[in-house]
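Please look over the sequence and the coordinates before reading on.

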Amino acid sequence: MLERPKRKNPVLRTRLPTLPPAARSRIALGLTAAAALGRFELQQCRVCGTVQYPPREACQNCLSVELAWRAQPQGGELLSATVLHHSNDLFFRERLPWRLGLVRLDCGPIVVAHLHERVGAAPARVSVDVKLDRAGQAVMVALPSEENANMAEDRQLREFTCDPKFRKVLVTDGKSAFGQALVKSLARAGADLVWVGHAEPWKKFAGFEELKALPAVTLLPLDVTDSKNVREAAAEIGGKVDILVNNAEVHRTHGIANRAGVDAARAEMDVNYFGLLRLAQEFGPAMRSRGADGQASAVAWVNVLSIYALANFPPHGTFSASKAAAYSLAQCLRAEMRPAGVRVVNVFPGPIDDEWNQLLPPPKLAPAGLAGAVVKALQEGTEDVYPGDVAQEWLARWRDNPKALEKELST
Ligand SMILES: [Zn+2]
């Protein structure tokens with residue numbers, strides 16, 4: 001069972017972040033792409049059906065190069081287990097002892113997997129999952145075949161996930177329905193403390209009293225369009241934030257032709273794009289320096305983007321453009337946070353059931369559903385999140401043919 005981390009002694013040095021070995025072949029990145037979406041996919045031969053691991057250029061059975069990444073059953077048999085007490089790798093040396101095993105997957109291949117502490121001695125039935133490690137690369141993790149309570153608290157598994165339990169979280173906007181649902185979900189998931197940003201602190205907002213009454217919540221005046229305010233907030237709490245969720249956004253329903261001038265578009269850019277940039281400049285350095293701060297390190301930065309970041313939705317054209325800009329910047333942030341092992345999670349919701357999507361037909365994502373998806377992504381350690389049916393369907397179309405999605409959204 002995971003215990004609440006002790007208060008840090010400020011005199012002790014902060015451990016510099018180290019990363020597990022990250023070199024992978026280009027082919028192996030297919031596994032990483034699947035893991036980023038939380039999918040268990042392995043290479044499967046289109047000709048003879050052989051499932052293989054590790055990824056290769058050709059089928060190990062028939063030498064065909066017709067290989068596809070396909071979802072596979074996750075069951076397997078633990079053949080042998082071992083405990084590392086020594087490693088020449090800095091990352092693992094700091095985390096010893098470390099348990100590993102060999103698992104024969106029901107779909108064929110034998111894999112090396114990190115072992116959850118509840119997996120008993122070999123032989124044993126296990127469920128294998130693919131997770132991203134701190135270097136952002138896919139690794140195999142063997143879990144007990146039956147789910148049980150507190151499973152997420154395993155010390156080794158926590159190195160691959162960003163579970164909010166016992167962590168300190170900043171949610172940049174608590175005024176929206178989604179922001180409030182998110183704060184409640186994080187509190188339920190065991191977050192130690194949730195700072196809740198609210199712009200224009202002189203104005204009370206609906207739900208303010210309810211949020212204020214939650215024991216984990218501390219309200220924080222935060223306006224992401226105000227550089228000085230963001231800098232002051234970072235100076236005050238930046239060194240303590242383990243997870244930052246940037247959900248502040250401005251959403252207007254304009255294309256180009258139905259609105260004169262650039263004021264509305266500028267307001268969207270100022271929050272959705274420059275807001276992210278300001279936060280990243282002020283909070284990024286402190287979080288990077290705390291990427292290896294024991295069991296409650298800085299672990300994740302979540303950007304709530306939009307499925308319209310992938311292809312423009314003309315009725316919400318300027319909003320889409322601001323989200324596309326934010327998506328691009330988030331990729332830059334991801335590259336800069338990676339050396340510290342801090343994961344950047346990008347969330348691409350379809351239309352949310354809010355004020356700005358009133359004229360769109362259902363299905364629309366309920367704020368509580370979106371909040372649940374964000375917390376689940378943190379708990380499971382996924383990196384790219386497409387919550388809800390609409391986002392899943394558009395992702396499938398976009399992966400299949402980006403041009404087709406552009407066409408469909410524009411008619
Ligand atoms: Zn084959």
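The model is predicted, so local features need pLDDT of at least 70 and side-chain atom pairs count only at pLDDT 80 or more, while totals for chains, interfaces and linings use all residues. Residues are numbered from 1 along each chain as its sequence is written, and side-chain values use heavy atoms, with hydrogens and water left out.

Helix H3 covers residues 177–188 and spans 17 Å from first to last C-alpha, close to the expected 16 Å, the expectation being 1.5 Å times one less than the number of residues. Helices are DSSP runs (H or I, at least four residues), numbered from the N terminus. Among the buried residues of H3 are Phe178, Leu182 and Leu186, where buried means under 20% relative accessible area with a 1.4 Å probe, protein chains only. Glycine 190, with a positive phi near 95 degrees, follows H3.

A nonpolar core is a set of buried Ala, Val, Leu, Ile, Met, Phe, Trp, Tyr and Cys residues joined through side-chain atoms within 4.5 Å. In the largest one, of 48 residues, Leu170, Phe283 and Trp301 touch the most other members. H6 gives the most to this core, with seven residues. Apart from it lies another core of 33 residues, including Leu186 and Val245.

The largest pocket is lined by 26 residues, with Asp173, Ser176, Ala248, Glu249 and Val250 nearest its centre; a pocket is an open set of points on a 1 Å grid over the protein atoms alone, where a 1.4 Å probe fits, with protein on both sides within 12 Å along at least five of seven lines, and lining residues have an atom within 4 Å of a point. H6 provides the largest share of this lining, three residues.

Terms used. Helix = DSSP H or I, 4+ residues; strand = E, 2+ residues; numbered from the N terminus. Buried < 20%, exposed > 50% of the residue type's maximum accessible area, 1.4 Å probe, protein only.
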